Amino acid sequence: MAKIIAVTNQKGGVGKTTTTINLAASLAMADMRVLVIDTDAQANCSSGLGVVKGSTKPSLYDSLIRSLPLVEILQDTELDTLKIAPADRNLSGAVVEMLELPDREFLLKRLLEPVLGNFDFVLIDSPPSLSILTLNGLVAANSVLIPIQCEYFALEGLADLFDTLARVRGAFNPGLSVQGILLTMYDERTNLSAQVRDELKSHFADKLLDTVIPRNVRLAEAPSFGKPVLLYDIRSKGAESYLRLAKEILNHEKKGIR
Ligand SMILES: Nc1ncnc2c1ncn2[C@@H]1O[C@H](COP(=O)(O)OP(=O)(O)OP(=O)(O)O)[C@@H](O)[C@H]1O
Ligand SMILES: [Mg+2]
């Protein structure tokens, strides 16, 4: 059965999509069967994995709103064991339409159930909000991976996110755990990055992942070629760091923690 990880932070631009794409690709390189679910109408995760924009193929919208089975919307990527359930612009309307549906918080969870046997990991990319789409991801997930950008206001909003997680546990998904907090866009030349790291360590101790993602231009360039960084520049610091993250998470699984 697949382990389902939601990559979530309601703060925008912290590296959720970059993390989803590159962690998924790194796990696939380690022979894991990986499914990425793009729940963001911006569809950056889809285009970053090579899905062509503006195609008429069905998307996650059709599965959520028209109950189209997930297998019918899955698309291949350049990596054999990595599939994606793509987003498109329609998803922004889904936020309103879903509010009318019964069990609206459980739609993604139900869609995933029939395919979980076919994958080792499901990674869910979330939009920068605490909308019903984000909630669907958190209800479906076993754990949440929280990317945090190394910047001055890094910890702002984190308390809200932890409140939300507590509420999701109470109302919908008691088993939801924290996979880890991931520092992104780390710049070892600045004191600020080190300060953010120290502060997170003192607040969250073991929840802060050992792997840190450096600021690396290759990570920012790769999506414009529709590729994960591993297929764009495998020797880059960015590629190296996401391979390390995959190893750390596989280790958690082996030890049965999180
Ligand atoms: N480690 C990194 N080094 C350099 N650039 C990065 C890194 N991580 C992300 N970026 C760039 O920063 C921007 C924001 O990253 P990303 O899209 O992954 O964040 P996000 O949290 O998904 O954003 P949103 O909230 O809009 O969905 C992108 O342009 C991305 O290419
Ligand atoms: Mg994103």
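This is a predicted model: local features need pLDDT of at least 70, side-chain atom pairs count only at pLDDT 80 or more; totals for chains, interfaces and linings use all residues.
Local features were considered at pLDDT of at least 70 and side-chain atom pairs at pLDDT 80 or more, whereas totals for chains, interfaces and linings use all residues. Residues are numbered from 1 along each chain as its sequence is written, and chains are lettered from A and ligands numbered from 1 in the order in which they are written.

Helices (DSSP runs of H or I, at least four residues) and strands (E, at least two) are numbered from the N terminus. A residue counts as buried if 20 or more other C-beta atoms, placed from the backbone, lie within 10 Å of its own, as exposed if 12 or fewer do, and as partly exposed in between. Strand 5 (residues 121–125) has five of its five residues buried, so it is largely enclosed by the rest of the structure. Phe121, Leu123 and Asp125 point one way from strand 5, while Val122 and Ile124 point the other way. In a regular strand, side chains alternate between the two faces of the sheet. Strands are taken to pair if DSSP finds at least two bridges between them. Strand 5 pairs in the parallel sense with strand 1 (residues 3–7) over five bridges, Ile4 standing opposite Val122. Five bridges also join strand 5 to strand 2 (residues 34–38), again in parallel, with Val34 opposite Phe121.

The largest nonpolar core comprises 77 residues, such a core being a set of buried Ala, Val, Leu, Ile, Met, Phe, Trp, Tyr and Cys residues joined through C-beta atoms within 7 Å. Among the residues with the most contacts inside this core are Val122, Leu123 and Ile124. Helix 1 (residues 16–29) gives the most to the core, with seven residues. Contacts require C-beta atoms, placed from the backbone, within 7 Å; beyond four places in sequence, the contacts of Leu123 include Ile5, Thr20, Ala24 and Val36.

The buried residues of helix 8 (residues 191–204) are Ser193, Val196 and Leu200. They cover an arc of only 65° around the axis, which places them on the same side of helix 8; the arc is that of the directions from the helix axis to the C-beta atoms. These buried residues pack against strand 6 (143–149), strand 7 (177–186) and strand 8 (208–214). The face turned away from the buried side carries the exposed residues Asn191, Asp198 and Ser202.

Leu182 lies in strand 7 and is buried, with 26 other C-beta atoms within 10 Å. Beyond four places in sequence, Leu182 touches residues including Thr19, Leu145, Ile148, Leu209 and Leu245.

Conventions. The expected span of a helix is 1.5 Å times one less than its number of residues. Two residues are in contact if their C-beta atoms, placed from the backbone, lie within 7 Å.
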